[in-house]
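Colleague: I am new to this one and would like to learn how to read it. Could you walk me through a feature or two?

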Amino acid sequence: MTDIGVRAVRQGVRRGADRIGAATPPGRDRAVDALRAAAVLGVVLGHWLVTALVSDGRALRTASPLQHMPWLTPVSWMFQTLAVFFLVGGHVATRSHASARARGLPYHQWLTARLSRLFKPVAAVLGLWTVAALALLLSGAEFGTVRTLVKLALSPLWFLVVFAGLTAATPLLTRLNPLWPLAVVLHVDLLRFGLGGPSWLGWVNVAAGWMVPYTLGAAWTRGELERRRAGWVLLGVGAVATAALVAWAGYPASMVGVPGDGVSNLDPPTLAVVMFGLAQCGLALLLRERLRHAMRGPVAWAAVACVNLSAMTIFLWHQTALMATTATGLLAGRLPGLHTPPGGLGWVGARLLWLPVFALALAVCWAAFRSFEGGGGGRGRRSRVVRAHRPADRGTAAKARHV
């Protein structure tokens, strides 16, 4: 590309970023959107780095580099960002519910609007994978391969069920102290691991474990976490407790499930991953001012806004993008980092080179299915992240700026 072409691209990006910045309400807390975008992208990158589809004859099976290279465990600390998503979700939902009550909006209308944003994009995922699974089975594909692909594609849906349940319970959770669900997680783990209780008790933590950061988000809304001391306490207590649980209580060091391990920190959540989430939430709170400063840049804010506008599409389709790349690559044979077992540094280096290809495949999915996000993206629909700048309507914008 010539220098003139590069300058033209830069000018186009700058103009687009300026338009997004002008359409953003001046009072919007951009740090909240930045944290949400970081949480979504962290999950995506984490899955792309630790999920391998190994070609074994006609079949595909899942494998994890964490199983064969334990020294990669810190990757799970960096990219297991669900606690931050629930923190932001609790903060935004409680603000939204308070705003709805102030405007006299009934609970059922508020909840329907919130949940429709979550579940309308799901219809496209379920429809495509129903057709794809039937086509694969009719074409003679191994049942185990089809089951692996469908399970991987639909695995993000568990998160939506939990998030939807907490969203529905927002009026009850608005003032709940996070120590209460944390106490539930502690007692469940004591019964499971300390007293030999039934393993099914762990599923109580699916709700209680993610309720901890969600109710922290509600505390943020109440103004209880504004002082930096709160962030330092959460970071310090969470980090020390996690280290102690791993070192002396036998919890796995990985914050995601690893094939072959007797216990998974994530499926269902354990006390270790919940305490780790507290540390993440503390760090997120400490970074708010820096993020607000960084989001003053028009290009940085435009990127964050675009991720937020397509968060559900990115989240729901990133595994499909991985599998589409893997399936297409099989036409060229077993490719390193894509179809080969994750057993060494060579695989890690090759997988890093595949990340831009996964991103390109996800961009194709985004172009095809983004219209499902937020109810079809009709011409008159106003964005939840940026809104047209209407100086005469500042009061309305002020009410909606955090919703």
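**Two helices side by side**

Modeller: Helix 5 (residues 82-102) packs with helix 8 at an angle of about 30°, their axes being 11 Å apart. This is a predicted model, where local features need pLDDT of at least 70, side-chain atom pairs count only at pLDDT 80 or more, and totals for chains, interfaces and linings use all residues. Residues are numbered from 1 along each chain as its sequence is written, and side-chain values use heavy atoms, leaving out hydrogens and water.

Colleague: What counts as a helix, and how is the angle taken?

Modeller: Helices are DSSP runs (H or I, at least four residues), numbered from the N terminus. Axes are lines fitted to C-alpha atoms over the stretch in contact, and angles run from 0 to 180 degrees between N-to-C directions.

Colleague: How are helix 5 and helix 8 oriented to each other?

Modeller: Angles under 35 degrees count as roughly parallel, over 145 as roughly antiparallel, 65 to 115 as roughly perpendicular and the rest as oblique. Helix 5 and helix 8 are therefore roughly parallel.

Colleague: Which residues make the contact?

Modeller: Contact means heavy atoms within 4.5 Å. Helix 5 brings L82, F85, F86 and G89, while helix 8 brings W158, F159, V162, F163 and L166.

Colleague: Where is P268, and what kind of peptide bond joins D267 and P268?

Modeller: P268 sits in the loop between helix 12 (228-248) and helix 13 (271-286). The bond from D267 to P268 is cis, with omega about 0°.
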